[in-house]
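User: Hi, I'm meeting this protein for the first time. Could you walk me through it with some questions and answers?

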Amino acid sequence: MRQLSFSIVLRQAATGTLAAAALLAGTAAQAGSIEAAEFKSATLQRSWTYNVYLPTGYDAQSRLRYPVMYLLHGNDGQRNDWPVKGNLLRTVDQLIQNGEIPPAIIVMPDAGTTWYVDLKEPMETAFFQDLVPHVEKKYRTLTSRDGRVIGGLSMGGHGALRYVLKYPEKFQAAALLSPAIYNPEPPADSSARSVKVFAEPNTGGQYSTTVWKSYNYPVLWDSFLARKISVPMYINSGDDDEFMIESDAAQLYAQLRRNKQPAELRIVNGKHEWPVWESTIGDALKYVFRTVRRPQADN
């Protein structure tokens, strides 16, 4: 009952105007839903909660399997950030209705302040060993690389980039929105220094330059290029980002371009804030879903 009411509230808030316009036009509007869910993670040894966007037509009678996106939140965020602060439901519904992206499933897991690495909690291991298999078992997702993409903002951008560089065989494309990929180190006021993730053991959580660098993307770069797997990446940042992420975003883009990896860079007006991510998530989704497999019947 809780999942149903959550979905209805989001539907009413995000698509009331769109639905009314469609009725006046005599056509049916795209009307996906967002549901809350959870499962027991063996790796984390606890329940793990997430939200999932399901497109119109996703029901028990359908035999279609859909492409899936894993969309990651920022530091100290949670699974409701993208639906509530980022107006994800309205954006995705409109993109699908306009034919700009295929009907898709979008998974938004809770991750706290883990930075999606195996430090505070074994979050990276849990993502691949628990979450992805759980999603592919519970929902009708395409299970091959060309049906799976990933994205995230800030801390989530750090995680998304790390995952595609380390496991390029698992993702068709990635969207990195204001990614916290500071190279060589985070600025003094970055949460990466204060959340007690990138710390040497037995230091009380004191930030360590060595630990940060061992989990940041440059250490994965050579092995990624050696795999010779193309992973298109959409990268953006606000031009007034408090953490100067526009510089890191441009640096990553230049590295990708030099190595003939497909990428797009967008520097937009704004800070490290939700107006930037809400206004650009649609553009990012259109990019990452360009080459994915379309929904297909389950054999």
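User: Which residue in S6 stands opposite Val68?

Analyst: This is a predicted model, where local features need pLDDT of at least 70, side-chain atom pairs count only at pLDDT 80 or more, and totals for chains, interfaces and linings use all residues. Residues are numbered from 1 along each chain as its sequence is written, and side-chain values use heavy atoms, with hydrogens and water left out. Strand S4 (residues 68-72) and strand S6 (residues 148-153) run parallel, joined by 5 bridges; strands are DSSP runs of E with at least two residues, helices are runs of H or I with at least four, and both are numbered from the N terminus. Leu72 has Gly152 as its bridge partner in S6, while the residue opposite Val68 is Arg148.

User: How many of the residues of S6 are buried?

Analyst: Buried means under 20% relative accessible area, exposed means over 50%, and partly exposed lies in between (1.4 Å probe, protein chains only). Arg148, Ile150 and Gly152 point one way, Val149, Gly151 and Leu153 the other, and all are buried. In a regular strand, side chains alternate between the two faces of the sheet. For S6, the count of buried residues is 6 of 6.

User: What is the bridge partner of Gly151 in S7?

Analyst: Strands pair if DSSP finds at least two bridges between them. S6 and S7 meet that with 4 bridges, in the parallel sense. In S7, the partner of Gly151 is Ala175.

User: Which strands stand at the edges of the sheet?

Analyst: The open sheet has 8 strands with mixed pairing, in the order S1-S2-S5-S4-S6-S7-S8-S9. Two of them have a single partner strand each, so one side of each is left without a neighbour in the sheet. Neighbouring strands are turned by 20° against each other on average, direction ignored. The edge strands are S1 (33-41) and S9 (263-268).

User: What angle does the direction of H4 make with that of S2?

Analyst: H4 packs on the sheet and touches S1, S2 (46-54), S4, S5 (105-109) and S6; contact means heavy atoms within 4.5 Å. Axes are lines fitted to C-alpha atoms, for helices over the stretch in contact, and angles run from 0 to 180 degrees between N-to-C directions. Between H4 and S2 the angle is about 50°.

User: At which residue does H4 bend?

Analyst: A bend at a residue is the angle between axes fitted to the seven residues ending there and the seven starting there. In H4 (residues 123-138) the bend is about 30°, and Pro133 follows within four residues. Among the buried residues of H4 are Phe127, Phe128 and Val132. The bend sits at Leu131.

User: Is Gln255 buried or exposed?

Analyst: Gln255 lies in helix H8, which spans residues 245-258 and lies across S7, S8 and S9. Leaving aside neighbours within four places in sequence, Gln255 is in contact with Tyr217 and Trp221. With a relative accessible area of 16%, Gln255 is buried.

User: How many of the 10 residues of helix H3 are buried?

Analyst: The buried residues of H3 include Leu88, Val92 and Ile96. After H3 comes Gly99, with a positive phi near 75°. H3 (residues 88-97) is largely enclosed by the rest of the structure, because its buried count is 7.

User: What pLDDT does the protein chain average?

Analyst: pLDDT is the predictor's confidence in each residue, from 0 to 100. In this chain, 90% of the residues score at least 70, and the average is 91.
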